[in-house]
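Subject: Handing over the structure

Dear colleague,

Below is the structure I promised to pass on to you, and after it you will find an account of what turned up in it.

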Amino acid sequence: MVSIEGNAAFNDTFRADNLALASGAFNGNNATFAGGVAAASGRLDWAGGDFTGTWTFGAGNIVNVTGAANKRQVGGSIVNNGTVLWNAAAAFQGGNGAGFTNNGLFEAQASASIAHTFGGRNTFTNAASGIVRASGGATLTFGSVSLVSDGGEFNATAGSAIVYSGGVAQFNDGTRFTGPG
């Protein structure tokens, strides 16, 4: 495992099979997590720290979110074309006008919240191809964040829930609410 425990800049495309972002500020300069070293699916573990700048998580890749440390998006943008597995009870904190666009799968496997906590309000957009899922008995709460669905799916599996508790929500044409949860 390669662990980054301090501030680091990521410029353009990088590949990782075993990268852990543990703490610090991770500045993306058009950073693209493009897959594993052998160009197959890659995995990046996010245990703590702040994302800043512009990021893209490529299709087929997994960003596994773990641990109790703060996870923040401080301004900038993240585009998820792969899979984000939220396995941390810590909130996904955002501010300074940060934008997160989900074109892939964002799955909460542990109860957590996505919240505006500082500066200008952050936005979470679930695109038409995006799926936001709560599974394994988890509750995913959207609190005080601007939530936009551009036709995406919100899926709560049995015993799980997705809760919108404040801020601004906009559910556009084609939005789907599915699952027995």
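To begin with a loop, Ser 144 is located between β17 (139–143) and β18 (146–149), where strands, numbered from the N terminus, are DSSP runs of E with at least two residues and helices are runs of H or I with at least four. Please keep in mind that this is a predicted model, in which local features need pLDDT of at least 70 and side-chain atom pairs count only at pLDDT 80 or more, while totals for chains, interfaces and linings use all residues. Residues are numbered from 1 along each chain as its sequence is written, and side-chain values use heavy atoms, with hydrogens and water left out.

Most residues other than glycine have a negative phi. Ser 144, although not a glycine, has a positive phi of about 55°, and its relative accessibility of 28% makes it partly exposed (buried is under 20% relative accessible area, exposed over 50%, and partly exposed in between, with a 1.4 Å probe and protein chains only). Asp 12, also not a glycine, has a positive phi of about 65°; this residue belongs to strand β2 (residues 8–14) and, at 48% relative accessibility, is partly exposed.

Turning to the overall form, the protein has 22 strands and zero helices. Its radius of gyration is 15 Å, which agrees with the value near 16 Å that a compact globule of 181 residues would have (taken over C-alpha atoms, the globule rule being 2.2 Å times the number of residues to the power 0.38). The C-alpha trace spans about 40 × 35 × 30 Å along the principal axes, and 47% of the 181 residues are buried. Of the contacts (heavy atoms within 4.5 Å) with a separation of 6 or more, 37% are between residues 24 or more positions apart.

Another edge-to-face pair is that of Phe 106 and Phe 124, with 5.5 Å from centre to centre and 85° between the planes. This pair links distant parts of the chain, 18 residues apart, with Phe 106 in strand β13 (residues 105–108) and Phe 124 in strand β15 (residues 123–126).

Phe 106 and Phe 124 are both buried, and they are among the residues that touch the most other members of the 34-residue largest nonpolar core, together with Phe 10, Leu 21, Trp 46, Trp 55 and Trp 86 (such a core is a set of buried Ala, Val, Leu, Ile, Met, Phe, Trp, Tyr and Cys residues joined through side-chain atoms within 4.5 Å). Not counting residues up to four places away in sequence, Trp 86 touches several residues, including Trp 46, Val 65, Lys 71 and Phe 106. Elsewhere, the charged end of Arg 72 sits over the ring of Phe 118, 4.7 Å from its centre (the criterion being NZ of Lys or CZ of Arg within 6 Å of the ring centre and within 35 degrees of the ring normal).

Asn 102, in strand β12 (residues 99–102), is buried at 0% relative accessibility. Its side chain makes a polar contact of 2.8 Å with the side chain of Asn 80 and one of 2.9 Å with that of Asn 126 (a pair of N or O atoms within 3.5 Å, where, within protein, one must be able to donate a hydrogen and the other to accept it, and residues adjacent in sequence count only if both atoms are side-chain atoms).

Finally, Arg 133 in strand β16 (residues 131–134) is partly exposed at 22% relative accessibility, and its side chain makes a polar contact of 3.2 Å with the side chain of Asn 155. Ser 129, in the loop between β15 and β16, is partly exposed at 47%, and a polar atom of its side chain lies 2.8 Å from the backbone oxygen of Asn 103.

With best wishes

How values were computed. Phe/Tyr/Trp six-rings, centres within 6.5 Å; stacked < 30°, edge-to-face > 60°.
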